[in-house]
Amino acid sequence: MSDEPKKGITRREMLKWTAAAGTGLVIGASGLAPVFNWMEQKGEARRTHENAESETVAFHGVHQAGIVTPQQTFVYLVAFDLSTDRRSEVIALLKNWTVLAEKFAKGRLEKNPGNQWLPPKDTGESLDLGPARLTVTFGFGPSFFINDGKDRYGLAAKKPKHLKDIPRMPREAIDASKSGGDVCVQVCADDKQVAFHAVRGLINEAVGKATVRWMQEGFLSVPDGKTPRNLFGFKDGTANRSLTSRSAQETHLWCGSDEPGWMRGGTYMAYRKIQMFLDVWDRSSIKDQEDTFGRKKESGAPYGKKHEHDPVDLQRMPADAHVRLARSTGQQMLRRGYSYTDGIDPKTGAINAGLLFISFQRNPDQQFIPMLRLLSDKDALNEYTKHIASAMFACPRGIKKGEYIAQALFEG
Amino acid sequence: MLKKSTLSAFMAMILAVSMLAACNGDKNSAGQTKQEKTEQKASSANDEIKKGASQMQAINKQLLDALEAKDTAKIKALGKSINDKWLSFENAVRDRFPLLYTKVEKYEQPIFAESTMAHPDLTGMRENARNLQQALDELKTAKATAQKASELLDKAVKNYKDYVLEQADHLVEATAKFTAAVKAGDIEKAKQLYPDARVYYERIEPIAESFGDLDPKIDARIDDVDDPAKWTGFHRLEKALWKDHSLKGQAKYADQLLSDVKDLKAKIQTLKLKPEAMVAGAMELLNEAAISKVTGEEERYSHIDLVDLSANVEGSQAVYQAVIPALNEHNKALLQELDTRFRKMEEKMLTYKSNGRYIDYTKLSKDQVRELSQALSELSKSMSQTAEILG
Ligand code: HEM
Ligand SMILES: [Cu+2]
């Protein structure tokens, strides 16, 4: 990262933004502030780290960081399978991961041993790069609780109510080896190298206790104060605005007293890796593209309206438009996806790219699965997309000082 | 790995020794009552060890009888009992008598491994069982003596050096047999003998690598050499046997290989080994296994990569066993961990044997390859911490 202002932004402006983003983030993430403004993402905050505080997302809080945290520029999503049968080893791993995650969120590195014959403790590539608003978010898959019909760690009784694999959907082509997993770790940061450093550290820590099942990386550039765009060139995340208030988050996002204690204040993460056929899309007319979503491409305005955030009039949209179908279910969720690219298809030479769809909701059975089914069935978008991986994870409530992640699950 | 500057290695040695001495010093300054308690604990541990050793000897005696009677079923059952017995008190032994521990392991492990085979090698087992009986005798009368730290490290190096020399002897023998078959034009026999020679080389490969040009001459793969016409060594003959199916013109490579291997042995005899190099060599073996063996790149014609892989692991394990006494002073938990990991690895490798031989690399499924890689990476993470003894 360079300290030079970019894109004609003055240094003073940059510092101002950085500071503003900083306070907003810290409070928002700890769940104390009633409101975080999704739309006030400060893309430029990442351009400096001379004020590390403003680049730090609070690690402890009522909710885990990396959920309502304004989206950072990069994500690594890593699913692990546990290779140990022992509950004590799982706890040890979660403890060590918690310590590491906090360290990395503060932009600190592991201390190296004095003995020069030993390998270094920290891999070192994030030295001097700052915290870059790094967050680590943990989740547990259904197989963490029950695997091959076995209650692996004696935790089956505390399995969250709605935790199960996403059922089979029409048209999907799911690769099982890139789906599911016992534990999921989402690492986000404004600097890819900083994010990778954390991922690498967490993976190294897991050796002997858990193996990486799959790993995905994504990116998303957020223009200042504006909604980011996906690889189809459309604003993606407009509807998240309805989840900015604390009360809306309580209603749609955070689990309540109907869940086991460790999940209260937690949420469910739904994940779909969705391939997007860019070449087909790029040959489609603007009209076809806009009909697909029921929104205008440049402004993001719903059909029949002028501005992105004007109220949506479903009747004005084609019957199979993505937004119309999604909204017709009456459900809301927090979408926090990232784009991905992955070289080319060796057979066709077409670009492999798409969306790592990530959404958070308190009841996937009600909010997510029926919508996914409807979309898989009818969505105009299906002509340009294919779902290729899938997973559902239960993300525990936030970590209090002195706790390790999901401590209440094991000791509650 | 051995090319590090002699000076810095030497400095580290001095440091290592003084650090170890400091550790011992600490222990001696413990309070009187604490010391008494420790002694009580020690004497009950001694009793446990003596009892275990006697019981193990009794089973081993039965095994010797069964071997005499060539009663395979009984031999297999007794091999397992010996191992179970040993597992029940080996931790106490490792803790109190680390040197004897490695001695017992040296004979016990092959006995157990053979007993799991469909057709155990009875002669080899008898030899090991006799030696085991002696080692257990020593264990029964053993007294814990405070070893000086410097002695522990020197002893580790010496033990490992003995191992390397022994392997080099075997390497020369096995290579002589293999090259004789090549020169006689006996393809089938040469194919049978090739893996035997490879094992001894792969166990001590890093040592060979320290002699600059010898490793490439003996072990280069075709893409390691600039000029394929100058390619020599094991893999040159491997290609002739498995790919060209002809030994025409190979006699000169056979002669060259045997002479290079003899050269290696001679050089090893005069080798001054340092603890740093020994520990680094153990890591190098595991890295080798993880990079070129588990991927099936090393033995691309014969596909005996599993033979090499297990030899690499065994070579690394030899270092582990040599450093047990020294490591015992530093990090007992790590010892325990390494013991488990090597055992797990050994058990895993046994499942890839059929009729006493490792199966072809190409028969492994993707999942099996991944599983092996994973086990290697666990092992090498733990093994990398043995450098603690270098302080
Ligand atoms: C590659 C796949 C997808 C793309 C490119 C995509 C893109 C979009 C776009 C451009 C919008 C309109 C702007 C906005 O409100 O954010 C939107 C809205 C939405 N999408 Fe998707 N989406 C995809 C998959 C999905 C999936 C799998 C789901 C859920 C199962 C979903 C749920 C929603 C919801 C709930 C809305 C907001 C509707 C509203 O209330 O206005 N999307 N999506
Ligand atoms: Cu080799």
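These notebook entries record what I looked up in the structure, chain by chain and site by site.

**Ground rules.** I am working with a predicted model, in which local features need pLDDT of at least 70 and side-chain atom pairs count only at pLDDT 80 or more, while totals for chains, interfaces and linings use all residues. Residues are numbered from 1 along each chain as its sequence is written, chains are lettered from A and ligands numbered from 1 in the order in which they are written, and side-chain values use heavy atoms, with hydrogens and water left out.

**Chain A overall.** I began with the secondary structure of chain A, which comes to eleven helices and eleven strands; helices (H or I, at least four residues) and strands (E, at least two) are DSSP runs, numbered from the N terminus. Of the 412 residues in this chain, 57% are buried, where buried means under 20% relative accessible area, exposed over 50% and partly exposed in between, with a 1.4 Å probe and protein chains only. I then looked at contacts (heavy atoms within 4.5 Å) between residues at least 6 apart in sequence, and 79% of those in chain A join residues at least 24 apart.

**Phe360(A).** I found Phe360(A) in strand E10 (residues 351–361) of chain A, and it is buried, with a relative accessible area of 0%. Beyond its neighbours within four places in sequence, its contacts include Gly66(A), Leu253(A), Tyr268(A), Met333(A) and Cys395(A). I also noted that its C-alpha atom is separated by 9.7 Å from that of Phe393(A), which is 33 residues away along the chain.

His322(A) is found in helix H8 (residues 322–328) of chain A.

The copper ion (ligand 2) is coordinated by Glu202(B), Glu205(B), Asp219(B) and Glu298(B), at 2.2 to 2.5 Å, and along the chain these donors follow the spacing E-x2-E-x13-D-x78-E. Why is the arrangement irregular? The four donor atoms subtend angles of 78 to 153°, whereas a tetrahedral site needs all angles between 85 and 135 degrees, and a square planar one (four donors) or an octahedral one (six) needs opposite donors over 155 degrees apart and all others between 65 and 115, anything else being irregular. Glu202(B) is buried at 0% relative accessible area, and Glu205(B) counts as buried at 2%.

**Helix H3 of chain B.** Helix H3 (residues 72–96) has 25 residues and reaches 35 Å from its first C-alpha to its last, close to the 36 Å expected at 1.5 Å a residue, the expected span being 1.5 Å times one less than the number of residues. I also recorded a kink of about 50° centred on Phe89(B), where the bend at a residue is the angle between axes fitted to the seven residues ending there and the seven starting there. Among the buried residues of H3(B) are Ile75(B), Leu78(B), Ile82(B), Trp86(B) and Phe89(B).

Technical notes
Donors are N, O and S atoms within 2.8 Å of the metal (3.2 Å for Na, K and Ca); water is not among the atoms, so sites may look incomplete.
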